[in-house]
Amino acid sequence: RTGWIEVICGSMFSGKTEELIRRLNRAIIAKQKIQIFKPALDKRYHTQNIVSHNDNSIPSTPVGLAQEILQYTNDCEVVGLDEAQFFDESVIDVCETLANFGKRVIVAGLDMDYMGKPFGCMPQLMAIAEFITKVHAVCMVCGEVASHSYRLSPSGDRVLLGEADLYEARCRRCFNLGELAE
Ligand code: ADP
Ligand code: MG
């Protein structure tokens with residue numbers, strides 16, 4: 001049986017985690033064995049579960065290095081990864097190895113950082129994936145389709161863990177307008 005890679009990407013609040021949980025729940029209904037991972041640095045809500053902004057959650061294993069995923073996935077059929085932009089670059093090989101072993105690999109992550117630039121290994125993962133779904137949020141300024149994550153605080157660090165207090169979803173135009181959009 002062949003494996004494959006599915007990528008779910010989009011801005012913050014676009015429903016990536018919600019969509020990942022939806023797909024994994026359907027695999028559970030089909031009695032498939034699943035394993036879910038997230039980077040250990042993402043501790044915003046819960047150290048074990050992955051949690052969406054509308055409070056769906058599913059148990060997961062936090063891992064420091066992407067390679068650790070291979071130790072936990074021997075007998076599972078579906079592997080889910082959330083916040084994939086925060087994994088180290090070996091995540092590309094790990095996803096490929098899992099898919100080559102016949103597993104369905106579902107990867108969710110931010111396609112762009114707060115500067116609007118491609119984030120981490122997401123471009124490479126999108127290149128090697130069989131399927132890509134780009135989900136969208138609602139622009140918090142104008143209500144149009146939002147593709148960008150706008151940072152409300154002045155920090156210049158690429159990784160600044162936060163939620164609606166620090167980021168808002170914006171369409172391209174309101175993202176580019178910055179503070180002037182408000
Ligand atoms: P992601 O993983 O992409 O950050 P989640 O799956 O965690 O997204 O959350 C999606 C949920 O976030 C939506 O169902 C909605 O309840 C909520 N939400 C908050 N702000 C927005 C927004 N600006 N646009 C769309 N959904 C939003
Ligand atoms: Mg998420």
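Which residues does Cys 142 touch, not counting residues up to four places away in sequence? Cys 142 touches Cys 171 and Cys 174, where contact requires C-beta atoms, placed from the backbone, within 7 Å.

Colleagues, a word on conventions. This is a predicted model, in which local features need pLDDT of at least 70, side-chain atom pairs count only at pLDDT 80 or more, and totals for chains, interfaces and linings use all residues. Residues are numbered from 1 along each chain as its sequence is written, while chains are lettered from A and ligands numbered from 1 in the order in which they are written.

I turn to the cysteines. An unreviewed UniProt entry annotates Cys 139, Cys 142, Cys 171 and Cys 174 as "binding site"; such annotations may be inferred rather than shown by experiment. These residues are spread over 36 residues of sequence, yet they cluster in space, with a largest C-alpha distance of 8.0 Å.

Cys 142 is placed in the loop between E9 and strand E10 (145–146); strands are DSSP runs (E, at least two residues), as helices are (H or I, at least four), numbered from the N terminus.

Glu 83 lies in the loop between strand E6 (78–81) and helix H3 (91–100).

How values were computed. Contact = placed C-beta atoms within 7 Å.
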